[in-house]
2 protein chains.
Amino acid sequence: MVYTRPLARLIEQLQRLPGVGPKTAQRLALHILKRSEDEVQALAQALIEAKKQVGLCQECFHLSAEPICEICRNQNRDRTTICVVADSRDVIALEKTREYKGKYHVLGGVISPMDGIGPEQLNVSPLLRRVDREKTKEVILAITPSIEGETTTLYIGGLLKPLTKVTRIAFGLPVGGELEYADEVTLARALEGRREI
Amino acid sequence: MVYTRPLARLIEQLQRLPGVGPKTAQRLALHILKRSEDEVQALAQALIEAKKQVGLCQECFHLSAEPICEICRNQNRDRTTICVVADSRDVIALEKTREYKGKYHVLGGVISPMDGIGPEQLNVSPLLRRVDREKTKEVILAITPSIEGETTTLYIGGLLKPLTKVTRIAFGLPVGGELEYADEVTLARALEGRREI
C-alpha cells in the first residue's frame, strides 16, 4: 500500500468526481492535508449543506435552496416570457449573459427513447399548466440542437403552439468563430437564419 | 446572484483547490448535487478524517495515520539504507516503482533562503541523529536538481559524509525522451554520468 489508509480513502473518493483521475486526486488530497483543519471542515460543510439545502424550485425546477427560486420570486422580471431549457446549468449560462429578463423552465433533460426518457420523465406537464395559468405571451425554446434536443424542441413546440407564441433561439456561426472551420450543419443553419441589416 | 447561496458557497470552496477554476468548480458542484446524500456524506467524511488522522511519521516524517508509518514499521525492508527526499509525494512516486526496499526520510522541503527556509526549518537534525543511531550504511539523496535542490543535496551530503556512505540518484535522459530535444544541462549530466556497458 502506497498511501496510508485515510489518505487512500480520500483519493478514492476524489476520483469519483468527474474529470478527476488518479494523479489529480492524489494532488488534491495532498493539498488538502496541507490546509488547516478549519479550511477542510469548511469544504466538507459546504458539500453537505449544498446537498441538503439545494433542491428544485417548485415552479420552474431550477436549483434552489428555497421552495420557489430567486428568479421566480423576483418581481422585476418579466412574468410573461418563459425560456425553456434542458438543465439548470443552461439557466446559469443564460443568466451570466445578463440579457434575459424573463422566467425559466427547466425540463430536467431531453427526450431520449434510447435512455428511456420520454416526455413523462421531464417537467413538460408542469410547463403546459404554467403557460395556461400564467397567460404566458412567449415561450422561448433554448435547447441544444442535438438529435434528442431537436426532438424535444419539436415535441414541446407542438404542444405549446395552440396556447401561446413559441420561438427558439438562433443557431449560426458562433461569435469569434471562423467561417471556414464551421461545420456544414452550422453553416446551413446560419444561412437559413439570415436577417436583413 | 446566478447561484443559490449554498451552491455559491460550495463553488467558492471548490475553487480553492489547486487547478480548479470557476468553470471546473461549477461542474464539480453541479455533479455533487446530482449524487446521493450518502455519497456526498462519504466524500465529506473522507476529507475530515484524512485531515484529522493523517500526520507525520515520527521517524521519517512521511505522511502516516500512525505515530510510526507503515514503511518504517515494515521489518522486511532494509533498515541500513535511507533515501532522503524533499516531500511525501516523492516517497509515493518512488514507492510506485517497487524498486526500492530501504527506508525514507522526508525533509519537508528544500533549502531556500529566498523563502526563509534554512536547514533548521527542515528535518535535517533528526536525519543526522537517525543515521548515527541506526548505523545506516548508505544514504541516497533523491532531491530534484533545481538550484534549491542542489544546494540542499550539497549541504546534507557534506553533513552526512563523515557518518556514512552518501550517494545521489542519477540524472540524465529520461526513458522515452528524445536526445535531440533534451536541454543542455540534462545532456551534460547524462554524459557526465555515463557508465561502461
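Tutor: Begin with a term: contact means heavy atoms within 4.5 Å. The model is predicted, and the contacts are computed from it.

Student: Which residues does R130(B) touch, not counting residues up to four places away in sequence?

Tutor: R130(B) is in contact with E59(B), C60(B), C72(B), I82(B), K103(B), Y104(B), H105(B) and T136(B). R130(B) belongs to helix α6 of chain B, residues 124–134.

Student: Is R130(B) buried or exposed?

Tutor: Buried means under 20% relative accessible area. R130(B) has 1%, so it is buried.

Student: What does D78(B) contact, leaving aside its neighbours within four places in sequence?

Tutor: The contacts of D78(B) are K101(B), G102(B) and K103(B). Separation in sequence can also be set beside separation in space. D78(B) and T136(B) are 58 residues apart in sequence, and their C-alpha atoms are 9.9 Å apart. For T151(B) and I111(B) the values are 40 residues and 6.8 Å, again C-alpha to C-alpha.

Student: Now the sheet. In what order do the four strands of the open sheet in chain A come?

Tutor: The order is β4-β3-β5-β6, with parallel pairing. An edge strand pairs on one side only; here these are β4 (102–106) and β6 (165–168) of chain A. Neighbouring strands are turned against each other by 25° on average, direction ignored.

Student: What packs on this sheet?

Tutor: Helix α5 of chain A, residues 88–97, packs on it and touches β3 and β4 of chain A. The direction of α5 makes about 160° with that of β4(A).

Student: How many bridges join β3 to β5 in chain A?

Tutor: Four bridges join β3 (residues 78–85) to β5 (residues 138–141), and the two strands run parallel. Among the pairs, T81(A) has E138(A) as its bridge partner in β5(A).

Student: Which residues touch the most other members of the largest nonpolar core?

Tutor: They are L7(A), L14(A), L7(B) and L14(B), in a core of 46 residues. The elements giving two or more residues to this core are α1 (5–14), α2 (22–34) and α3 (37–53) of chain A, together with α1 (5–14), α2 (22–34) and α3 (37–53) of chain B. Leaving aside neighbours within four places in sequence, L7(A) contacts A29(A), L30(A) and L33(A) as well as V54(B) and L63(B).

Student: What rotation superposes chain A on chain B?

Tutor: A rotation of 180° does so, with 0.0 Å of shift along its axis and an RMSD of 0.0 Å. That is the relation of a two-fold axis. A44(A) comes closest to the axis among the residues of chain A, its C-alpha lying at 2.2 Å.

Student: Why do the copies meet through the same surface?

Tutor: Because 100% of the interface residues of chain A are also interface residues in chain B.

Technical notes:
Residues numbered from 1 in each chain as written. Chains lettered and ligands numbered in written order. Predicted model: local features only at pLDDT ≥ 70, side-chain atom pairs only at ≥ 80, totals over all residues. Heavy atoms only, no water. Pairing = 2+ DSSP bridges. Axes fitted to C-alpha atoms, helices over the stretch in contact; angles between N-to-C directions. Core = buried A, V, L, I, M, F, W, Y, C linked by side-chain atoms within 4.5 Å. Buried < 20%, exposed > 50% of the residue type's maximum accessible area, 1.4 Å probe, protein only. Least-squares fit on C-alpha atoms with pLDDT ≥ 70 in both.
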